[in-house]
Amino acid sequence: MLSPETIRLMAQTYEEWMQDPSALSRPLETMRWAYQQICAGEDPWTGLGSFSHAWYGYAKGRRVALVSEPLVQPTQETEYTRRWGAFCAASVEFLCERYDIPCPEWARDPYYTLPTPWWHTQQPDDPAVRDYLVNSTPAPFARRDIFCGNRLFQNKYEMYEWTQEARAKGITDPGEIWNYARDKEISVHGA
Amino acid sequence: MLVLERASRTTEDIDIFWLEGDAFQQMRGVLSECVVTITRRYRLRPDWLNYLSQILMQNEIIIPRGKLWKRYGPLHIYIPPKAYMLALKIMAGRDKDLVDCAILLPQTNIKTRQQARQLLDRYILPQAQEKNLEQIENALNRLFQK
């Protein structure tokens, strides 16, 4: 196990890396870009994961720009692209609500409500799994008939910040630091 | 590391666990210089080399001995066992982690919920399992029949 001094140095080094100005000149991995990646055949969580890194990490100061552009519909819409388009719109509404960013109009377009429920699980026919998903899915997703549970955008960036926040408040016990961060996580993400 | 396991998605960052604390303190300057150089050269995100998980989890898990994958001078890179990666993904329990679990599961000997629990016991400390109980249960429910 690393010593507290090493952990402190690692945290400091990480903060220094985040300050590198080169991040500002990179193209933003916006939600529109993520959806384009999905429509181009990339695994959905490749684009969404990159978007998530931008949202919580290097571009968290530019969140409006990350979600403002509407999605570009693919030339040939399929059930798959329709579902993931709805997922992207729901994600934007969900994230904007939680981080006090104005939700762009395009995300509220009724087109992004699915005609039939999408059970986002490997066991869509299991009644217990369905019950769990119905009860745990956040409203912006459920309203669009997407049932995916509530562990979608939990991330290490926020958890790290909250652990730092706990330390800044003078909390030193690792268990208490974790509890502090976890309480914050539940208050933001619901799980 | 899932990239090595032929995952369908590319990685967003490289999660590392730094194994030698003293070495980090000694090599911090060189490491930073290398990371920033690579970030700029390839226009990567500044967090492409990421050890936040280690900062968050080091009190919660048992880090297994990895298999030496590459050596670059003093830098030795070890690959963890697939079963360990699976255990961490089950504990994380996010949607995308469950997708990764589905890739990893067939490459391990884990077939049942009980075996998955034994796996968690091997790598995740009891207090961490207790703290993450809800997400672990949810992940197991979605990966295995009850």
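**How chains A and B meet**

Across the interface of chain B and chain A, 5 salt bridges are found. The model is predicted. In one of the salt bridges, A:Glu29 pairs with B:Arg45, and the closest N and O atoms are 3.2 Å apart. Polar contacts also cross the interface of chain B and chain A: the rule finds 23 residue pairs, with both residues at pLDDT 80 or more.

Several elements of chain B form its side of this contact. Helices α1 (21-41), α2 (52-57), α4 (95-104) and α7 (133-143), together with strand β2 (49-50), each supply at least two residues of the side of chain B that touches chain A. The largest share of that side, 10 residues, comes from α1(B).

Counted by residue, the contact takes 52 residues from chain A and 51 residues from chain B. The area buried between the two chains is about 4800 Å², and carbon and sulfur atoms give 55% of it. B:Arg45, B:Pro46 and B:Arg142 supply 14% of the area that chain B buries against chain A, more than any other three residues.

In soluble globular proteins, nonpolar side chains tend to be buried together. Here the largest nonpolar core has 93 residues, and those with the most contacts inside it are A:Met31, A:Trp55, A:Phe87, A:Phe141, A:Ile146 and B:Ile90. Helix α5 (residues 79-98) of chain A gives the largest share of this core, 10 residues. Domain 1 (11-58) and domain 2 (82-143) of chain B both contribute residues to this core, so the core lies between them.

A:Phe141 shows such contacts in detail: leaving out residues up to four places away in sequence, A:Phe141 touches A:Phe87, A:Ala90, A:Ser91, A:Phe94, A:Ile146, A:Cys148, A:Leu152 and A:Phe153.

Technical notes:
Residues numbered from 1 in each chain as written. Chains lettered and ligands numbered in written order. Predicted model: local features only at pLDDT ≥ 70, side-chain atom pairs only at ≥ 80, totals over all residues. Heavy atoms only, no water. Core = buried A, V, L, I, M, F, W, Y, C linked by side-chain atoms within 4.5 Å. Buried < 20%, exposed > 50% of the residue type's maximum accessible area, 1.4 Å probe, protein only. Helix = DSSP H or I, 4+ residues; strand = E, 2+ residues; numbered from the N terminus. Domains from an automatic or database assignment. Contact = heavy atoms within 4.5 Å. Buried area = accessible area lost by both parts, 1.4 Å probe. Salt bridge = Lys/Arg side-chain N within 4 Å of Asp/Glu carboxyl O. Polar contact = N/O pair within 3.5 Å; in protein donor to acceptor, adjacent residues only side chain to side chain.
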